[in-house]
Structure formats: structure tokens, C-alpha cells
Amino acid sequence: MKQSAPDIRHAVAPSPRVKSKFRADIQGLRALAVLAVIVDHMLHWPSGGFIGVDVFFVISGFMITNLMLRERANTGRISITDFYKRRVKRLLPASVLTIAVTALVGWVVFAKARATETLWDAAAALFFSSNWRFAAAGTDYFQQDIPPSPLQHFWSLGVEEQFYFVWPFLLIAVFLMAGKGASTRRRAVFAAATMGAIIVASLAWSMLESSAQPTWAYFSTLSRAWELGVGALLAVCAGAFYKLPGWLRPVLAWAGLAGIVYSMFIITPASAFPAPWALLPVLSTAVVIGANIGGNQKFLGILTNPVSVYIGNVSFSLYLWHFPAIIFLEALLEPGQPATYIAIIAAIILVSVGSYHGIENQLRNRPWSFGGKRSSRAPASAQLQNIGLGVLTVATVAVVAFAFVKNAPVDLPASATVKPVASGTAAPLAKTSLQSSLDSALAASAWPKLTPSIDEVGTNSKATELGVPGCLNAEDLSVPAQCAFNEGAAKYAVVVGDSIGISWMPGVRAALEPAGYSVHGIGLSNCPFANVEIKIENDPETSSRCNDGHSQIYEQIKATSPDLVIVSDAVAGIVNLASGAKDAAAQDEWVAGLSDAISQVKAKGTRVVVLSPNPTGKAVSECYNNFAKPADCESSISQAWKQKSTADTAAAKKAGATYVDTSQWFCSGDRCPIFAGGAPIRWDGMHLTEAYSKKMAPELKAVLLPAGS
């Protein structure tokens, strides 16, 4: 039996009038997408759960284009005013509420520095520009260790709305180019050709950017436009799917569904994304949608059942509220615990359902003027709205109120005795007042007065030298002394390594400059001093910079004949070896590479001191909030740190250098507080604050200028 024409078949013609048809399968796809995103953000499983956003992009491109084409078919025109009115009613009420509540709770829960950042994130989200803000933050080396914003997920709304700022005008222009009296086929061809060109251009750019600048590619509208474009092209060409035989529809739908699920497990954060790997979920989603154009969605009950459809209906509210719930409750409760997951799920459901029924669904279905005669169903609708608003209010107040309840006491881990690592040719370090303050910090039950205040610690607390041109990532490593202080002094010291090395400079300068030294810094982000090849996943540019920069750094140091060379770099170097070596093999390669590097710069009369990096731990913005205790920010020395320390010790001994185990300045045994000596130790997970670096000046002077030197 011949089927009737599909909804979209006449969409580019002025008549006949075309009605909308509810697509239960699309609501089911929305449910699958939002659940994948929520589970990924909460459990970091499956590895590619983030592709739910790509599914949303295809659905959005299809539905919005379908809506415009249907309007063109019914009225003979596309109204830009009506288009943006619909977008405002669809997005703004629920979005603005989410942004406002998140900013409020952020100010209640977070430390001042993070709360202020959240306010800026809220401003970006409100103007649909979050994707560019988070792209910039993601490519800022000193932002990468900062915990995510509770509004970070708004980046995808930014991409969508930036796309829709252009697409309606472009579609109108396409119809004008086709000519006033153009046939339906001619208009469809023009629209399809335009969308096809956008897809090809955007996909090509996405391929290049995913390789060269993966963070920008992930957030960029230019790199993502092709995904929305696939959905738009599907809407334009929907008539071609009408002739699909009935038996083929469920086969295609299930194949597409399998492709979406498979992509959740085969794609990982290390995959080249969004291109080419996003092709799998994007095309799979298009296949599911296309298989049911003009069909009746038979044999697809997994998507079309009432539960899936309801979750799909609520998917926008679920998406808006899930990430703030995860971030806030993980800040207030113990992450990774079953009770925490239960609390997160309950909060997401309560607030999202309340938002959907009380805000999103009510305002979206009202006339723009919010006036006029109410329908006969108004009382029931009003009742649902009141219930939804009540649930939303109670849930929001509960979250804010809960924030005022201090966490239950946390059992501190038992103090472990760590066997000190041999310190090369350096004598064992005597216990100092700074080390005694570590014990006091670990015993503290309340936050003491610190300078800078723990409430304000952020990137503003890093070593000043990290922001001095030439100290870190100098454009031309062949130019000597670009980062030089106290020039003209009788003696000369070089601090070399990565950003960890440069973070030692405030303390090194405080120790050496009064003793008649000029201090010169040479640092490359993520790049170890050891003469080893490294490979940083998804960052070939930095990997090449590190591997190519070794010889220039060694030559620059040799050319200046320093009296003292101080080496320090992060644990990551021994983990990112290009050879892929691990454990003992990695240590052997590291010993060979570091001893070779030391030998290249150790001229007669030059003393080389290798400082172990400070043990990594929790970032202040991650562990500290207005209701946290000092114990919440405590960490321990990682196995990777110990592994590198052993290798550094052996390399220093082999090359005739001095190795200093600095863990005694940061930890008591295996327990490491976030503050000591009246100052925060780190401002992120690994970089020293300038204040604490200076606090270590006496300790540094003792090991850098031993008696008789």
C-alpha cells in the first residue's frame, strides 16, 4: 500500500500546509544522549559517553531545519522574528534559572576565587559564548589543572546558538537564490548543496584542528558546525527517505542505534575528536532519524516506550541541571561513594523534573504575549506548573541549605613512615621550623589565617616569574638570559626545567641573590630537562617543542658557564616517554637521559643540584570550599613521584650532581597538607604558590650553598 507523503517532502514549496508529526524515536534518542552524558560526567564511564552531545547536535540540526522548512511550506516564508521568539522561549527561561541558581550556590559553597570564576562563567553562559571561554581556559596551561566549572556544559548551547545565528539567514538567502518561482526540487537542491558545502568545509577544518589544537576543536563552532549540518541536510533531503521499504526501516534504525552505543565504548578522551571519530555517532544518529522519516517507528520500542519518551521530554532540563548537581555535591560529599551517587541522582531528578514542569514546559507552550484566553486544560496545566515550581523550589533550597551544614568528620589516613630516598651527594636534611609546621598543619581541625588567604588562592598566587616573558616558553631558546634577575652579580645560577622548575624561582632568588648571585630561568611547559624523547597525548606541538628544545637549552647553559645549575621538573616527564617504557624500564631510560643532560651542562667549576618536584595533590579550588576542613585537602606522595625520585637519585650520582629529596618540605611521612608556615603550598595540583616558594628560602640556601661553597 502506498504511503502518504512525508512531512518534509513539500517543505520548500508554498503549499499545501504541512503539519508536524510527533517523533517518539527522536525523544528516545534524546533520552539515550542525555543519560550517556550524565553517566559519563558522574562515573567517567563509558569512555565515550560524551558523544551524547554529538547526538544532540544532529537532532537539533534536523528538528530546527525541519521546523523552518515546514513554516516555509505553510506560510511561504521563514520569519526570523518568530524563529528567535521560539528559541528564546525554548531556551532562556530554564537556562537563566539554571545559571542564576548555579551562581548563587557557587557563591555559597565555593571559595571566593572559584565563586568569582563561576560568576564569569555564568555571564558567558547567559550570552551563549561559553564554548569560547572554556576553549581559551582549556588551552591555558595554568588552567588545565583547575576543576571544571559547574556551568562548563553550557558550551554546547553556545555552539548551537552560534550556528542558529547564521543558518536561518542562510536558508532564506538560498531560497532567494533559487528564484521566486523555483520548483520544489530546485529549492531542495540549492539548500542541500549549501548545507553539503558547509559540512565538507567544517569537517575538513575539524580534521585539521582536532590534530593540531584538540581543545579548540572540541569547543569551536567552526569545528562542530558539520554535526548540526548533517541534521540540517537530513531535513532538507527527507523526501528521499520516504521510499524506504518497510522491512529496511527497523534494520537501519537498529544499525544506527548500535553505532551510537558502540561509539560510547570505542571512543575515548584520547581519540581525535570531533574529527574523525565523531563521524561514527553523528552518522549513526542520522541513520536512526532517517530510517523513521515517513515511517511509524515499528520494532523500536527501546526508544519509543513511554519511559524513554518522558526522559526525552525532560532531557533539556536534565542536561541543564545534571552538571551543577554533580560538581556541588562532589564538593560537599565524599566523591566516589555510593551515598554521594545516590544524592546526585536524586538531586538531578528532583530539580530537572521540577524545572521541566514548572518552568520549561509551561513557558514554552504559552503565547509570546502570555495573554489571551486560556484553554480548557489551563487548570490542570497550572496545577502541574505549581507542583513543578514547588519541587524545584524545595530542591534548590535544600541544596543551598545543605551547603550550610558542615561535612561529617573524616577519618584521617594513618600516618605512614616513608623511607627517605637517598639524596645523591647531599647530606640528609635537618628538621627545620618549616617541617615542624607541617605536623601542625596535619593536626589542624580548622583553617588558620594564611597569606595569601586560602579563600583567594588561584592563578594569581603563582610565581611571578611564570608570567615574566622569556622565563617560560621563550620564543627563541638560542637567545640567552631572557629571564634574568640581579644581573651583574659576581656569581651566576640557572634554574632549568618546566613550569615546576620556574615555580621554585621565588625561593631560589630569595636564597641566592643576597649571597651575590644573579639568577636566570629557562623553562618549557611539560618539558623535562632530561635528554629523553617524550610524547604528550593529543599534543604533538608541545611534544615536538620539548624534543627539539633540548639541544638549544644545553647549549645556552654551556655558553654562559654558570656557577650553579638547579634542575627540577614534574613527574609527568617519566610517565610520557615516547618509547612507552614503564616502571623499571622507564627508570632506566630516565637515568640515562638525565645523567646525559647533566653531563652536557656540568662544566669545570659548575655545581648541579637536582631538586625533586613537590609531590602533587589536590588543587585548592578542588578541595577547599566554605565548609571544608584542612583534612579534606590532605594528599599523599604518589608512586610515580617515588619512581622518579629513585631515578633522579641514580642519575645525579652517575653524573656527579647533587640530588635533594624535597618531600620533607611538603610532607610529614607520607601525609602532605595543603598549607604550612602560614602559606598555602600549592595553588593548583602541582604548582607552588609564590608565598610558599619564598618560605623555603632558608631550606634552599642550606642545600644550594652548603658550608664552604
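Modeller: Tyrosine 356 has a relative accessibility of 7% and therefore counts as buried (under 20% relative accessible area; exposed is over 50% and partly exposed is in between, with a 1.4 Å probe and protein chains only). Tyrosine 310, at 34%, is partly exposed. This is a predicted model, in which local features need pLDDT of at least 70 and side-chain atom pairs pLDDT 80 or more, whereas totals for chains, interfaces and linings use all residues. Residues are numbered from 1 along each chain as its sequence is written, and side-chain values use heavy atoms, without hydrogens and water.

The structure contains 23 aromatic pairs (ring centres of Phe, Tyr or Trp, the last by its six-membered ring, within 6.5 Å; planes under 30 degrees apart are stacked, over 60 edge-to-face, the rest tilted). Tyrosine 310 and tyrosine 356 have ring centres 6.4 Å apart and planes at 85°, so this pair is edge-to-face. It links distant parts of the chain, 46 residues apart: tyrosine 310 belongs to helix 14 (residues 306–313) and tyrosine 356 to helix 16 (residues 338–364). Helices (H or I, at least four residues) and strands (E, at least two) are DSSP runs numbered from the N terminus.

Phenylalanine 529 and tyrosine 554 are also paired edge-to-face, with 5.4 Å between centres and 80° between planes. Phenylalanine 529 lies in the loop between strand 3 (517–523) and helix 21 (540–560), and tyrosine 554, 25 residues away, in helix 21. Both partners are buried: phenylalanine 529 at 3% relative accessibility and tyrosine 554 at 2%.

Elsewhere, Phe50, Phe57, Trp155, Tyr218, Phe219 and Phe273 form one aromatic cluster.
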